[in-house]
Protein chains: 2
Amino acid sequence: MGDGVRWLDTEERRIWLGWIMSTRLLWEEMERDLQRDSGLSFGHYEILVMLSETPGWRRRMSELADATQSSRSRLSHAVSRLEELGWVRREACPSDRRGQLAVLTDEGFAALEAAAPMHVESVRRHLFDLLSPEQLANLQEIQEVLLDELLPLAAARGDTRSKIMEEARAQLER
Amino acid sequence: MGDGVRWLDTEERRIWLGWIMSTRLLWEEMERDLQRDSGLSFGHYEILVMLSETPGWRRRMSELADATQSSRSRLSHAVSRLEELGWVRREACPSDRRGQLAVLTDEGFAALEAAAPMHVESVRRHLFDLLSPEQLANLQEIQEVLLDELLPLAAARGDTRSKIMEEARAQLER
DNA sequence: ACTAACTACTTGAACCGTCAACTATTCCCG
DNA sequence: CGGGAATAGTTGACGGTTCAAGTAGTTAGT
């Protein structure tokens, strides 16, 4: 072990373990709540939200993938599932014959409307109700730092050159 | 929408979206690095770490599940996979005939030893190198608050009455 | 010492995400 | 304009997670 590795010290180990535990448990809690209250997975919920916030309730597949930090493959599978459920429908893109539009259906919007209140309540209960304004500000600052590093990495990796940074930033500015 | 729902305001939405994006991307980045550098998934890595830190390199299945905030089912499947790979082996528990011990093999320890340096490097690169000491302290404080709420929830939910809180706290105290 | 309740763990089906390979279209540039 | 490179999206195999159900051993009340 006398090599050049910068091992974690006790304090760092504690923080890292805490990060793993807290983020994992919070994700799982949110997913479980959402699933139980409305039968929607978080991934599906996000897609419906993004579509509902777009004029015309429709978006290009690849834009939608970037907006949800999702691979194109993941999105394609997810939209297929949502199509089976009748909440989203695919449409050919008029301007690019390679393209597809994901379109939110009325049923999909209804499902989202039904799920949203419980979900927001869940987010409050497990996050916002627990932290002081100062802690929230600190959290936001930390997230900015991390995203400044992670978004470029994600963009550099993407299936093909993706606009994930622009899409993510756009979401954060709304 | 004039109902009693406490919707998120702009600032809250930004924080929530930031939390989703940053934690998702960081998880994915860590998993991808680990997978690429050593063929291990994060879940498998965690199990090997927990075993390697126990005297005798062996632990009861349920303890191991609690220590990794994992359901018993998840752990059972994971250990089966690790057994196929030759990194872990099951043993009957001498004191309780219902019980099973997961035992780390020499091959498993070797796999862990090979993976650890790159993984630690990855954790530093994506987290510790980016944050100031003050930001790290803030992060730790926030995690404490969240865990104080999430661990009891996880314990109350567990397959059966689990010691997830004790196991988690024990990890954090090392 | 019987039996009901509880605990330990496993199993299989369904679903989700990843990865690599594939088709179809458009872009770029000599 | 022609052909290779880049882009848009899909697919199928594979591994991981969940959930509900099942087996088996243990504890506790009477």
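Before counting anything, I noted that two residues are in contact here if their C-beta atoms, placed from the backbone, lie within 7 Å. I also kept in mind that this is a predicted model.

Entry one, the interface. With that cut-off I looked up the contact between the chains, and I found that 45 residues of chain A touch 45 residues of chain B. On the side of chain A, two or more residues each come from helix H1 (10–38), helix H5 (106–128), helix H6 (133–157) and H7. The largest share belongs to H6(A), which gives 15 residues. Sorting this side of chain A by class, I got 27 nonpolar, ten polar and eight charged residues.

Entry two, the symmetry. I looked up how chain A is brought onto chain B, and the answer is a rotation of 180° with 0.0 Å of shift along its axis, at an RMSD of 0.0 Å. The two copies are thus related as by a two-fold rotation axis. I then found that 100% of the interface residues of chain A are interface residues in chain B too, so the copies meet through the same surface.

From H7(A), Ala168(A), Gln171(A) and Leu172(A) meet Arg14(B), Leu17(B), Gly18(B) and Met21(B) of H1(B). The residues of this contact divide into four nonpolar, two polar and one charged.

Conventions: Residues numbered from 1 in each chain as written. Chains lettered and ligands numbered in written order. Predicted model: local features only at pLDDT ≥ 70, side-chain atom pairs only at ≥ 80, totals over all residues. Helix = DSSP H or I, 4+ residues; strand = E, 2+ residues; numbered from the N terminus. Nonpolar A, V, L, I, M, F, W, Y, C, P; charged D, E, K, R; others polar. Least-squares fit on C-alpha atoms with pLDDT ≥ 70 in both.
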